[in-house]
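Reader: I'm new to this one. Can you put it up and walk me through it?

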Amino acid sequence: MDCEGITRALDRPGPFLGTYSPYVRSGATARGEGVPPVAIPAQATVPRTTGGPPPRRLPVPPLAGALAAALLVSLVCGVGLGAAGVTWGETLRYMRAGLTGGSIAPDEVAAYTIVWELRFPRALLAAVVGAGLSAIGVAVQAMVRNALADPFVLGISSGAAVGANAVLLFGALGSLGVWALSGAAFASALAAMLLVYLAARTPHGLTPLRLVLTGSAMYYGFSAITTLMVFSAERGESARSAMMWLLGSLGGATWSSVPIAACAVLAGLGYLLWTARGLNALAMGDETAAALGVDADRLRRRLFVVAAAVTGAVVAVSGAIGFVGLMVPHVTRMLVGADHRRVLAVAPLLGAVLLVWVDIVSRLLLAPVELPVGVITALIGVPCFVLLMRRRGYVFGGA
Amino acid sequence: MRVDIEGLAVEIAGARLVEDIALRADSGRFVGLIGPNGSGKSTLLRCVYRALKPAAGTVRLDGDDLHALGVREGARRLAALPQESTSEFDFTAAEVVAMGRLPHQSAAGRTTDRDREICAAALARVGGGHLADRSFPTLSGGEKQRVLIARALAQEPKVLVLDEPTNHLDIAQQLEVLSLVRGAGLTVLAALHDLNLAATHCDALYVIAGGRIVASGPPDAVLTPELLADVFGVRALRVPHPESGTPHLLFDRLPAS
């Protein structure tokens, strides 16, 4: 037989095989006598490059610091900019007066009210809502392992709007007082989420297509219910109110609407940061999560409740604002990579800054007419998103 | 660490997919699980790495009931490479390996220098040091498997469960992956498709068909033409390898009877 040459060639360490010879009789190695651990040196293996260069990633602490500073500046801008001409000097003086309990002259009351009672809570609420939607977008995307998921696309935001609307227009759950609005939004967000999840679920898990189709269908359903409720209520400005719920608006912001939303967002964000490693495992799949010692079902159930609570609290004060929860997590991952510890440190800050500016633009663009926030998020977001996605080596959704 | 499976049964949606499984893998041994598609290999392994709960029976690691341990404690002893390894998320290879430290870390705890050393060593051990900063979803199949093996090694387990680790790999990558696993010094339980690879790499084979173990023992004793005709429906011819003398199998369709 003329295999002599071939087998001898195979005896030599090949480029792929290192020191390993696959033809060693298994019995010999099986007993484990004197067999050194096989370690293939890196250079022995020809790197078969299929991807591009390593993705560039920004360091998180400086980025988060810069965004925090930008958020402070944005908040001041949010308070200072507006249709009613209040100078920057006055704005800062009123803010200081409000924060420190200082006094103002009687003729300044009107301007002070605009700055302190209208614009300041509104800017703060924009930041809270932006941070909350972004954080929940991150969580929901990891939870269903789908790039297309966010509270809006999946119909959760519009579901929450149904509950919030029922309270505002028909006085449902009146016995709960200030908690009625958030409570109803939370309950209906949870219900909407469960409905989407159960309807999209198959014995083989969640498929992206089913999920998005179900979510979109539910979105239209919930939006229809909201519209119906708005138009059947005996109050003026029905059409504008409907726009507010379906496209989002921060026009109703008062100091009383800030605390519940802020607490819900901070608590939700705290939980997500605490469980960020679990989110990483979940993003790799349920099987992998199980192998890494993460109870995927339990984590997902908890994420359900957290996502519903934060979405409910946010929607109760701002309506269903789209695009932020979808876009900000993506942009963040393009900047810092997919590790949820990094993503969750950056995404809420980015979302907060974004929404403060979106709200400023929505107030000023066609002043004195206010545009729904969702219009501006889409107008700014869509081109930014497409540009970023094309420029960087971003592989989410398949290389 | 020894693995003992006794009387194991797994049900999904009321259907009993595997039943009455008894399997033993002694410490440091490479035990192969073979069987046709749909025979219950994956179901059995998923139960072993705890993606599924047993309907009956136990999986014991050195005598401790695995499903009675905490999930994290279990993951410190037993690591797995599940069949699904795709993720849309743009993790780097180093980040994927770092996930192996998860069962050793408290939720909010920081990543320690020791964690980083273990991960770097694990990646170097599989010859993947140069992959660390590469995007995991863009790696080739063989590179992905190496990174996932590194993740399993970073878990510092005593037992490694592999569900068809050579799927979609070219032959050089298949041999490489199996040699890496062999060299790790762990107790290995692996479902394998390629019977010749199973024969040359495993210390013992278990044959599963219709959710039950139908044969077990050393590869030489298990891989008989009769069993292969019975379980896989193929005609098999055993020929000695010209160099090592190991029996190799040549396959053909069964003659129509």
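Author: Here is a short tour, chain by chain.

Author: This is a predicted model, where local features need pLDDT of at least 70, side-chain atom pairs count only at pLDDT 80 or more, and totals for chains, interfaces and linings use all residues. Residues are numbered from 1 along each chain as its sequence is written, chains are lettered from A and ligands numbered from 1 in the order written, and side-chain values use heavy atoms, with hydrogens and water left out.

Reader: Okay. How many helices and strands are in chain A?

Author: Chain A has 16 helices and two strands. Those are DSSP runs numbered from the N terminus: helices are H or I with at least four residues, strands are E with at least two.

Reader: And what percentage of chain A is buried?

Author: Buried residues account for 53% of its 399 residues. Buried means under 20% relative accessible area, exposed means over 50%, and partly exposed is in between (1.4 Å probe, protein chains only).

Reader: What about contacts in chain A between residues at least 6 apart in sequence?

Author: Of those, 75% join residues at least 24 apart. A contact means heavy atoms within 4.5 Å.

Reader: Pick a residue. Where is A:Ser74?

Author: A:Ser74 sits in helix 3 of chain A, residues 60-80. A:Ser74 has a relative accessible area of 3%, so it is buried.

Reader: Which residues does A:Ser74 touch?

Author: Leaving out residues up to four places away in sequence, A:Ser74 touches A:Val353, A:Val356, A:Trp357 and A:Ile360.

Reader: What covers the buried residues of helix 3 of chain A?

Author: The cover includes helix 4 (88-100), helix 5 (109-143), helix 14 (324-336) and helix 15 (340-364) of chain A. Among the buried residues of helix 3 of chain A are A:Leu63, A:Leu67, A:Leu71 and A:Leu75.

Reader: How far apart are the end C-alpha atoms of helix 3 of chain A?

Author: They are 30 Å apart, and its 21 residues should span 30 Å at 1.5 Å a residue, which agrees. The expected span is 1.5 Å times one less than the number of residues.

Reader: And helix 7 of chain A, how many residues?

Author: Helix 7 of chain A, residues 179-200, has 22 residues. Its first and last C-alpha atoms are 31 Å apart, close to the 32 Å expected. Its buried residues include A:Ala180, A:Leu181, A:Met193 and A:Tyr197.

Reader: Is A:Leu228 buried or exposed?

Author: Exposed, with a relative accessible area of 63% for A:Leu228. A:Leu228 lies in helix 8 of chain A, residues 208-232. Its C-alpha atom is separated by 19 Å from that of A:Ala191, 37 residues away along the chain.

Reader: At what angle do helix 6 and helix 13 of chain A cross?

Author: Helix 6 (156-170) and helix 13 (296-318) of chain A cross at roughly 60°, and their axes come within 9 Å. That makes helix 6 of chain A oblique to helix 13 of chain A. The contact involves residues including A:Ala160 and A:Ala164 of helix 6 of chain A and A:Gly312 and A:Val315 of helix 13 of chain A.

Reader: Now chain B. In what order do the strands of the open sheet run?

Author: Four strands of chain B form that open sheet in the order 2-1-4-5, with antiparallel pairing. Strand 2 (15-25) and strand 5 (64-65) of chain B are at the edges with a single partner strand each, so one side of each has no neighbour in the sheet. Strands pair if DSSP finds at least two bridges between them.

Reader: How many bridges join strand 1 and strand 2 of chain B?

Author: Seven bridges join strand 1 (residues 3-12) and strand 2 of chain B, in the antiparallel sense. B:Ile5 has B:Leu23 of strand 2 of chain B as its bridge partner.

Reader: And strand 3 of chain B, how many of its residues are buried?

Author: Five of the five residues of strand 3 of chain B (30-34) are buried, so it is largely enclosed by the rest of the structure. Strand 3 of chain B pairs in the parallel sense with strand 8 of chain B (187-191) over four bridges. Strand 3 of chain B also pairs in the parallel sense with strand 9 of chain B (204-209), over four bridges.

Note on methods:
Axes fitted to C-alpha atoms, helices over the stretch in contact; angles between N-to-C directions. Parallel < 35°, antiparallel > 145°, perpendicular 65-115°, else oblique.
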